[in-house]
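Me: Hi! I'm new to this one, could you walk me through it?
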Amino acid sequence: MNAAKYRDILDENLLQSAQDLRLGRRFTFQQDNDPKHTAKITKEWLHNNSVTVLEWPSQSPDLNPIEHLWRDLKMAVHQRLPSNLTELERICKEEWQRIPKSRFEVFLFGPINEAKSEARIGDGVAVFTLQKTRDELWEQLFTNIEQAILKVQEKEAEKSKAKAARIQQEKNYALETMMKWLKKQAEARRRNPDWLKEKGEPLSY
């Protein structure tokens, strides 16, 4: 995902989510220091839409509660060894739903409103939307996975193409070498038809 895509996601979701949660403009937006989060076009969008952004120290992913839950999810999915994208998507959703409510509450320091799938911290100063019932997150995840697979396939195709070209080059060289050898034999026969019989071995070059 690049900065332009991230800005589009903010444009399509952030203010609407704040409205759905009845936050109005009384919210502080939290994001880490990923390059797309701090890109010029992202900062301009946040400024133009009067979004207050929580200052975030560098190299501090552990301060973001969702990062701990991503780790839980990755470990659980890894243990089930999905064999294809369809199976991976199904397992991800199953394991996400299996994360106990208490696990969320430990990291969010507040009770979870399951109806709205959100947690408020500090009497509503910060609100985390858990997105357990939304598909957008999964769609983006699998778009990234598919893109990664395509890149791997492209690299493998390039390797196969290079290998085929190398094999063809070796065949051409072998054929060219054989033709040179046959040409020298023909010239030797033309000069002395009995030369090869007398020599008892092929002509070297």
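Predicted model: local features only at pLDDT ≥ 70, side-chain atom pairs only at ≥ 80, totals over all residues.
Reply: Happy to! Residues are numbered from 1 along each chain as its sequence is written, and side-chain values use heavy atoms, without hydrogens and water.

Me: Which residues of helix α2 are buried?
Reply: In α2 (residues 40–48), Thr 42, Trp 45 and Leu 46 are buried, meaning under 20% relative accessible area. They cover an arc of only 95° around the axis, which puts them on the same side of α2.

Me: What covers the buried residues of α2?
Reply: The cover includes α1 (3–20), β1 (28–29) and β2 (52–53).

Me: And what follows α2?
Reply: Ser 50 does, with a positive phi near 55°.

Me: Switching to α4: which residues are buried there?
Reply: Leu 88, Ile 91, Cys 92, Glu 95 and Trp 96 are. Their arc around the axis is only 130°, so they lie on the same side of α4.

Me: Which residues are exposed on the other side of α4?
Reply: Thr 86 and Arg 98 are.

Me: What caps the N-terminal end of α4?
Reply: Asn 84 is the cap, with a side-chain oxygen 3.2 Å from the backbone nitrogen of Thr 86.

Definitions and conventions. Buried < 20%, exposed > 50% of the residue type's maximum accessible area, 1.4 Å probe, protein only. Helix = DSSP H or I, 4+ residues; strand = E, 2+ residues; numbered from the N terminus. Arc of directions from axis to C-beta. Polar contact = N/O pair within 3.5 Å; in protein donor to acceptor, adjacent residues only side chain to side chain. Contact = heavy atoms within 4.5 Å.
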